[in-house]
Amino acid sequence: FDPQELTVPAGSTVTWHNTTSTDHGIVCEDAEIDADLRPGEDQVVSFDTPGVYTVTSRTHSSGTNLRVTITVECT
């Protein structure tokens, strides 16, 4: 994921875009994200509740760039 840390105000949307040539899955239980993205596909998620969310790759379990921490601040 790039960037690996992101801070947004409550009510923001975050878009994941698969720029690779293979399918990728993303998951975050706290934000109820469980998505498979084919090459070129997007997943758009709204973050309305302040907090810290960790989104990880379901496709890959080790390595770099496999997690993003999203901090949602009060507006």
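**Entry 1: strand pairing**

I looked up how strand S6 (residues 51–57) and S7 pair, and found the antiparallel sense over 6 bridges. The model is a predicted one, where local features need pLDDT of at least 70, side-chain atom pairs count only at pLDDT 80 or more, and totals for chains, interfaces and linings use all residues. Residues are numbered from 1 along each chain as its sequence is written, and side-chain values use heavy atoms, with hydrogens and water left out.

I noted the terms. Strands are DSSP runs of E with at least two residues, numbered from the N terminus. Two strands pair if DSSP finds at least two bridges between them.

Then I checked single positions. Thr56 has Arg67 in S7 as its bridge partner. Strand S1 (residues 5–9) also pairs with S7, in the parallel sense and over 5 bridges. There, Thr7 stands opposite Thr71 in S7.

**Entry 2: the two faces of S7**

Which side chains of S7 are buried? I found that Val68, Ile70 and Val72 are, and that they point to one face of the strand (residues 67–73). Buried means under 20% relative accessible area, exposed over 50%, and partly exposed in between (1.4 Å probe, protein chains only).

**Entry 3: Thr54**

I picked Thr54, which is found in strand S6. Thr54 counts as partly exposed, at 31% relative accessibility. Leaving out residues up to four places away in sequence, I listed its contacts (heavy atoms within 4.5 Å). Thr54 touches Val27, Cys28, Arg67, Val68 and Thr69. I also took the distance to Asn18, which is 36 residues apart from Thr54 along the chain: their C-alpha atoms are separated by 18 Å.

**Entry 4: salt bridges**

How many salt bridges does the structure hold? I counted 2, a salt bridge being a side-chain nitrogen of Lys or Arg within 4 Å of a carboxyl oxygen of Asp or Glu. Side chains of opposite charge can pair when their charged atoms come close.

Asp34 forms one with Arg58, and the closest N and O atoms are 2.7 Å apart. Asp34 lies in strand S4 (residues 33–37) and Arg58 in the loop between S6 and S7, so this pair ties together parts 24 residues apart in sequence.

Asp36 also forms a salt bridge with Arg58, with the closest N and O atoms 3.1 Å apart. Asp36 is in strand S4, and this pair links parts of the chain 22 residues apart.

Asp34 is exposed at 57%, Asp36 is exposed at 56%, and Arg58 is partly exposed at 40%.

Notes: Helix = DSSP H or I, 4+ residues; strand = E, 2+ residues; numbered from the N terminus.
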